[in-house]
Amino acid sequence: MNDRNERLTFQAGLLTLLTAILWGGHSVSVKIGLDGMPPIALAAARFVIGMIVVLLWGWYQGISLHMRAQDRRGLLLLTLIFLVQILLLNEGTHFTLASRSTILITVYPFFTALFAHLFLAGDRLSRLKVVGMVLAFAGVILIFAESLELGDLSYLTGDLMVLGSGILLGARQVYTKRLTQSIHPYALVFWQAILSLPVFIVLSALFELPATYRFTPMIVVAILYQGVVVAGICFIVYISLLRRYRASHLGVFGFATPVVGVLLSRLLLHESLTIGLLTSMVLVGAGIAIVNWEDKKKPVA
């Protein structure tokens with residue numbers, strides 16, 4: 001199977017940038033939502049809403065969401081990666097700050113570049129990209145060093161969980177790229193949500209009951225943001241773009257995500273902006289940008 005690797009157009013670049021900006025609010029919305037629901041139940045609520053958005057949009061576009069027999073194995077493996085990645089993200093964000101979670105999850109683009117180099121034809125790493133990976137890792141290490149300096153092991157636990165989520169997200173992007181060559185993006189997003197939903201519900205019932213639920217206007221907005229904007233609109237747009245363009249090239253726009261996330265954490269959650277956090281944000285962002293930089297004169301595979 002040959003992967004499509006078209007050059008990124010200006011319009012596609014703007015759409016990718018918009019999704020990266022909107023994703024910047026995700027960790028903040030998760031942190032707010034956790035005040036009203038436990039982590040696994042929050043993930044379930046997010047994907048119920050996201051599934052409805054995808055279902056309605058697919059119906060409006062006249063796109064069949066039917067699962068073909070030959071697609072089952074790929075969708076099940078994708079769902080497994082997806083489940084672990086989301087669980088690590090929500091649980092990890094519960095044990096760290098939203099600003100730290102935003103930066104750590106944003107390491108996924110250079111893991112996307114790494115896995116793309118290993119598994120996607122025509123999407124290779126260069127020496128410059130390796131330099132970017134070193135910079136990004138330096139930013140991640142700086143966050144861990146700050147956790148140890150603060151003597152707060154709960155931050156360290158949460159940071160490690162979110163980092164693991166970022167690595168899996170990079171792997172998921174590459175595997176999604178492969179699946180979209182034979183499965184329509186809308187169907188892929190829909191089945192990813194519907195297959196994972198029963199698992200989230202069962203896990204929540206087993207490990208989170210009894211639990212206290214409360215729904216203030218801010219918590220409701222945060223949950224709707226995760227479902228409608230992130231699990232619905234952003235997933236549809238990004239996976240549609242991923243079907244056509246290089247996974248590593250799309251990842252460069254992830255640089256906007258930690259900037260927006262850290263600023264929103266400051267504005268909405270009143271989290272402090274330490275020198276270490278700001279420095280790590282710059283290092284991770286610069287590393288991601290370098291990893292995804294490629295000579296425009298090179299022919300597309």
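How are helix 2 and helix 10 oriented to each other? They are oblique to each other. The model is predicted: local features need pLDDT of at least 70, side-chain atom pairs count only at pLDDT 80 or more, and totals for chains, interfaces and linings use all residues. Residues are numbered from 1 along each chain as its sequence is written, and side-chain values use heavy atoms, with hydrogens and water left out.

**Terms for helices**

- Helices are DSSP runs (H or I, at least four residues), numbered from the N terminus.
- Axes are lines fitted to C-alpha atoms over the stretch in contact, and angles run from 0 to 180 degrees between N-to-C directions.
- Angles under 35 degrees count as roughly parallel, over 145 as roughly antiparallel, 65 to 115 as roughly perpendicular and the rest as oblique.
- A crossing is left-handed if the near helix is turned anticlockwise from the far one by less than a right angle, and right-handed if clockwise.
- Contact means heavy atoms within 4.5 Å.
- Ala, Val, Leu, Ile, Met, Phe, Trp, Tyr, Cys and Pro count as nonpolar, Asp, Glu, Lys and Arg as charged, and the others, Gly among them, as polar.

**Helix 2 with helix 10**

- The two axes lie 8 Å apart, at an angle of about 140°.
- The crossing of helix 2 and helix 10 is left-handed.
- Helix 2 contributes H26, S29, V30, I32 and G33 to the contact, and helix 10 contributes M218, I219, A222, Y225, Q226 and V230.
- This contact of helix 2 with helix 10 has 7 nonpolar, 4 polar and no charged residues.

**Helix 2 with helix 5**

- The axes of helix 2 and helix 5 come within 8 Å and cross at roughly 140°.
- Helix 2 and helix 5 are therefore oblique to each other.
- Helix 2 passes helix 5 in a right-handed crossing.
- From helix 2, S27, V28 and K31 meet A98, S101, T102 and I105 of helix 5.
- By class, the contact of helix 2 with helix 5 has 3 nonpolar, 3 polar and 1 charged residues.

**Helix 2 with helix 4**

- Helix 2 packs on helix 4 at about 65°, with the axes 9 Å apart.
- That makes helix 2 roughly perpendicular to helix 4.
- The crossing of helix 2 with helix 4 is right-handed.
- H26, S27, V30 and K31 of helix 2 meet L89, N90, T93 and H94 of helix 4.
- The contact of helix 2 with helix 4 divides into 2 nonpolar, 5 polar and 1 charged residues.

**Cavity**

- The structure holds 1 cavity of 30 Å³ or more.
- A cavity is a set of points, on a 1 Å grid over the protein atoms alone, where a 1.4 Å probe fits but cannot get out; lining residues have an atom within 4 Å of a point.
- The largest cavity has a volume of about 280 Å³, the space filled by probe spheres set on the points, which are joined across faces, edges and corners.
- It is lined by 22 residues, with W23, Y108, L169, R172 and F235 the closest to its centre.
- At least two lining residues each come from helix 2 (26-33), helix 4 (72-94), helix 5 (98-105), helix 8 (153-179) and helix 10 (217-244).
- Helix 10 gives the largest share of this lining, 5 residues.
- The lining has 11 nonpolar, 9 polar and 2 charged residues.

**Cis peptide bond**

- The peptide bond from L209 to P210 is cis, with omega near -5°.
- P210 sits in the loop between helix 9 (185-207) and helix 10.

Terms used. 1 Å grid on protein atoms, 1.4 Å probe; cavity = no way out; pocket = protein on both sides within 12 Å on 5 of 7 lines; lining within 4 Å.
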